[in-house]
Amino acid sequence: MIEGLAGFVAWLGAALVVLSDGRRGLAAGTAVSSLGIAILVLQGSGPVDAAIVAVGGAVATIPGLRSGEGWGLMPAGSTPRLVLSIAVGLLALWIAASITTGGGAALRFAVMSVAGLSGARILSSDSSPVLLAAVGSLALAAAAAAALGGAPPGPWPYAAAAVIAGGSAWLRPRTASAA
Amino acid sequence: MLPEAIELLLIVAAVFAMALVFSPAGPRRHLLVKGGTGLLGTAAIVAVPTVDLAVLVLLGLALLDAAAGGKRPFAIRLRLPALAVALLALALAFSRFAGPNALERFAAVGLAAGVAAAVGVVPYLHPFDPEEGASSSPIVWIAFVGPVLATVLVWRAHGLLSADAGSAFGAMLIGLGLINMAWGSLGAWLTENTVVAWRYSFVADWGLVLCGFGLTIADGQRAALLVLFTIVLGRLPLYLGSRQALREKIGTERPVNLIVGAVLAGAAPSAGFAARVLLLRGATQLYWPLALVLVLGMLLWLPGSLRLGRSLGRPRGRQAIGVVIVVAINVLAGLYPLPLFSAANL
C-alpha cells in the first residue's frame, strides 16, 4: 500500500515539474518527486540510501522556494502537458503492473514515469530553471533504476544523483556569449 | 575497468596534452580548465563500477558543459546529452524488468538511441555554431568524451542484454552507422561552410565506429577501436590545427595538404585504412552484402577529405610539428596496429 502511494507521489512530482513554469512550482515538483522516490528507496535499499535521496531533494528544493517567484502552475495553454502527464502515467502503470512480472511494481512505475516525464520536459522547454528541475528529477529516477536489478546497488548511485539534483538547483548558467 | 576504454582514455589524455603544447598561448588557460574538467569526467565514466553510475556521471558532465557557457544557449547545450541520459535510464530499467522478451528489445532501442544522442550523431546531431570555440562546441562530445563514453556504454550493454536483444542492438548500431556514414561524408563534401564540413567528417567516422560496434566479432571490435583512435589522435588534432587557417579563410594545395587529406580519407598506410580493411573483413564474415554497402560508403570519404586537407592552410612552427607528429602516429598505427589491439585485449 505504502509502496503504491509512493509511486503515485513520485509521478505527481514529475507531473508538477511538467505542469509548472514558475520556480516555486518546479521546486514543489522536485520535492514531491524526491519524497516518493525516497520512500521507494527506503523499502528496497534501506534508510541511509533513502536519507541521501531525501537530502538531495531537499537541497534541490530550497533555492526555488526562496526565489520569491510565482508558482506558475498550469498556465494558459498547458492542456497538452496535462494530457502528456496523464498519458505517461497510464502507460507506465500498464507496463509496470500488467506487462512486467515480479515484485517492485511501484518502483518500476516511478522510474518509468519520472524518467519519461523529465525527458519530455527537457525536450520541450528553453527555460534554464525548468531544465535544471527536470534534470534533478531525472538524476533521482536514474539512480532509482539501479535498484531494479534486485540487489540494492549501494549508496553511490543515490549519492551521485543527490549531488546532481542538489547542485543543479543552485547552478547559475552563463548566458550565451561570444566565447 | 574495460581495457579498451582505459586505452582510449590515455589517448584522449595524450591529445589533450598535445593541444595544450601546440595551441596558441591565449586560449591555453581556457582549454586547460575546460579540457581538464572534461578529461576528469571522462576518467570517472571509465572508473565507476556500474553503468548506472556512468550514466549519472554523464549527466553531471553535461550540466557542467552547458553551464560553462558558449555561443549556444544553455538549453540547447544541455538538451541532447540530458535526453541521452533519459533514454539510457529507461533502457537500463527495461533491461532489468522480468517479462516478455520484447522488453529487452525496447532496452536495446533505448541503448542505441542513448549512445547516438550522447555522442551527437544522426538522428541526434547537436546544434552546431561554426563560430564557437572548439572547447565549447559539440566537438567535445563527438571527439573527446564520446569515444570513451560510447565504448563503455556499448561494452557494458552487451552484459545487460540477452543474446537475442544483443543481436538486435548490433543490427541497430549497424543501421545507425550506415546512415551516419552517408550523412556525414555527403555533408563534409557538399556543405558550404568548411567548419561545418569538419563536423560532418566526425559524423562520418562515427558511422564506421557504430558499424564496427555492431559487428559482434573480433574484427568489428578491432575496426571500431582503430577508427576511434583515428578520431581522437587524427581528426581531432588536425581539426584543432586547422582552426587558425579556417578563421583566416586560407586554403592551400601543397603536398602537406594532400597528405593530410589522404590520412583523413583513410588511405593506405594510415590507421584509417587498416580500420576499413578490418571492417570489410568482419562484414564479409557476417553478411557479405553489408561489405558491398560499406565499400560504396567509404568511397564518399575522398572529396570531403581533400577539401578538409586544403583547409589546414600552410602549417608553420609548432603547428607544423604537431601535424607531422599526428600524421606519423597515424601511419605507424596503420602499419603496426597490433600493440593497440593487445593493450585492449582484442
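## A tour from chain B to chain A

Start by selecting Asn345(B), which counts as exposed because its relative accessible area is 63% (exposed means over 50%, buried under 20% and partly exposed in between, with a 1.4 Å probe and protein chains only). Before moving on, please note that this is a predicted model, in which local features need pLDDT of at least 70 and side-chain atom pairs count only at pLDDT 80 or more, while totals for chains, interfaces and linings use all residues. Residues are numbered from 1 along each chain as its sequence is written, chains are lettered from A and ligands numbered from 1 in the order in which they are written, and side-chain values use heavy atoms, leaving out hydrogens and water.

Asn345(B) sits in the segment after α15 (338-343) of chain B (helices are DSSP runs of H or I with at least four residues, strands are runs of E with at least two, and both are numbered from the N terminus). Its phi is positive, near 55°, though it is not a glycine. Most residues other than glycine have a negative phi, and most peptide bonds are trans.

Now jump to Lys249(B), in the loop between α9 and α10 of chain B. Lys249(B) also has a positive phi, of about 55°, and is exposed at 74% relative accessibility.

Another runs from Ala268(B) to Pro269(B), with omega near 5°, and Pro269(B) lies in the loop between α10 (255-265) and α11 (271-286) of chain B.

**A stop in α11**

Select Ala274(B), in helix α11 of chain B. Is Ala274(B) buried or exposed? It is buried, with a relative accessible area of 14%. Leaving aside residues up to four places away in sequence, Ala274(B) touches Leu226(B) and Gly334(B) (contact means heavy atoms within 4.5 Å).

**Rings**

Rings of Phe, Tyr and Trp (its six-membered ring) pair if their centres lie within 6.5 Å, and planes under 30 degrees apart count as stacked, over 60 as edge-to-face and the rest as tilted.

- Phe16(B) and Phe144(B) are edge-to-face, 6.2 Å centre to centre with 75° between the planes. They are 128 residues apart, with Phe16(B) in helix α1 (residues 3-22) and Phe144(B) in helix α6 (residues 139-160) of chain B. Both Phe16(B) and Phe144(B) are buried.
- Trp198(B) and Tyr239(B) form a tilted pair, 5.7 Å centre to centre with 55° between the planes. This pair links helix α8 (residues 194-214) to helix α9 (residues 218-247) of chain B, and both residues are buried.
- Phe94(B), Phe97(B) and Phe106(B) are linked by ring pairs into a cluster.

Then find Arg276(B), whose charged end sits over the ring of Trp301(B), 4.9 Å from its centre (NZ of Lys or CZ of Arg must be within 6 Å of the ring centre and within 35 degrees of the ring normal).

**Two helices in chain A**

Finally, colour helix α6 (residues 128-145) and helix α7 (residues 156-170) of chain A; their axes come within 8 Å and cross at roughly 175°. Axes are lines fitted to C-alpha atoms, for helices over the stretch in contact, with angles from 0 to 180 degrees between N-to-C directions. The two helices, α6(A) and α7(A), are therefore roughly antiparallel (over 145 degrees; under 35 is roughly parallel, 65 to 115 roughly perpendicular and the rest oblique). Residues making the contact include Leu132(A) and Val135(A) of α6(A) and Tyr158(A) and Ile164(A) of α7(A).
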